[in-house]
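The sequence and structure come first.

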Amino acid sequence: MKIKKGSRVSFHYELRDESGEVIDSTFGGEPVIYIQGEGEIIPGLEELMQGEEAGFEAKVTLEPEKAYGPVNDDLLVFAGPENFDDDVEIEVGSSVETEDPDGNTLTFKITEVSEDKVYLDGNHPLAGKTLDYKVEVLTVD
């Protein structure tokens, strides 16, 4: 059966960054299961697997636009330390959550701390990065 919109697909992947370092892999663990065409995985992988069958294997390099998108400068913000609850650790690398006006949870990573400002990045950690994937389709239903 070929992968088409609405197909339930299971696959393994290995993800490497531009330097060749493995960032993540499902090989040796549980595969990813998704529905084709529902936007559950990044666009470049959906496009790669469209029309393929179980047993398909490939390696692909994805530019940011086909992966996690470019860095969105609107998600690079700062706030004063007084804007954080007392129980929040304000240190570089920590994550903080807030809600947008619609009540959706947003996660920001603290990238810099000065005496009067806390700099935050709400982009996906892989936004703006070119990524190398190896995929193996296991099943197509």
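## Aromatic pairs

Phe-11 and Tyr-34 are both buried (buried is under 20% relative accessible area, exposed over 50%, partly exposed in between, with a 1.4 Å probe and protein chains only). The model is predicted: local features need pLDDT of at least 70, side-chain atom pairs count only at pLDDT 80 or more, and totals for chains, interfaces and linings use all residues. Residues are numbered from 1 along each chain as its sequence is written, and side-chain values use heavy atoms, with hydrogens and water left out.

Four aromatic pairs are present in the structure. Rings of Phe, Tyr and Trp (its six-membered ring) pair if their centres lie within 6.5 Å; planes under 30 degrees apart count as stacked, over 60 as edge-to-face and the rest as tilted. Phe-11 and Tyr-34 make an edge-to-face pair, with 5.7 Å from centre to centre and 90° between the planes. This pair links distant parts of the chain, since Phe-11 is in strand E1 (residues 8–16) and Tyr-34 in strand E3 (residues 32–35), 23 residues apart. Strands (E, at least two residues) and helices (H or I, at least four) are DSSP runs, numbered from the N terminus. Ring pairs also join Phe-11, Tyr-13, Tyr-34 and Tyr-133 into a cluster.

Phe-78 and Tyr-119 form a tilted pair, because their ring centres are 5.8 Å apart and their planes stand at 50°. Here too distant parts of the chain are linked: Phe-78 is in strand E5 (residues 76–79) and Tyr-119 in strand E8 (residues 118–121), 41 residues apart. Phe-78 is exposed at 51% relative accessibility, while Tyr-119 is partly exposed at 27%.

The charged end of Lys-117 sits over the ring of Phe-78, 4.6 Å from its centre. Lys-134 lies over the face of Phe-27, 5.0 Å from the ring centre. For such a placement, NZ of Lys or CZ of Arg must be within 6 Å of the ring centre and within 35 degrees of the ring normal.

## Salt bridges

The count of salt bridges is four, where a salt bridge is a side-chain nitrogen of Lys or Arg within 4 Å of a carboxyl oxygen of Asp or Glu. The table lists some of them.

| Pair | N to O distance |
|---|---|
| Lys-2 and Glu-53 | 3.9 Å |
| Glu-14 and Arg-16 | 2.9 Å |
| Lys-66 and Glu-47 | 2.8 Å |

Lys-66 is in the loop between E4 and E5 and Glu-47 in helix H1, so their pair ties together parts 19 residues apart in sequence. Lys-66 is partly exposed at 37%, as is Glu-47 at 46%. Glu-14 is buried, with a relative accessible area of 16%, whereas Arg-16 is partly exposed at 31%.

Ile-3 lies in the segment before E1 and is buried, with a relative accessible area of 1%. Its contacts (heavy atoms within 4.5 Å) include Val-9, Tyr-34, Met-49, Val-137 and Val-140, not counting residues up to four places away in sequence. The C-alpha atoms of Ile-3 and Val-137 are 9.7 Å apart, although 134 residues separate them along the chain.

Gly-37 is in the loop between E3 and helix H1 (43–49) and is partly exposed at 34% relative accessibility. Gly-37 touches Lys-5 and Glu-46, leaving out residues up to four places away in sequence. From Gly-37 to Phe-27, ten residues apart along the chain, the C-alpha separation is 23 Å.
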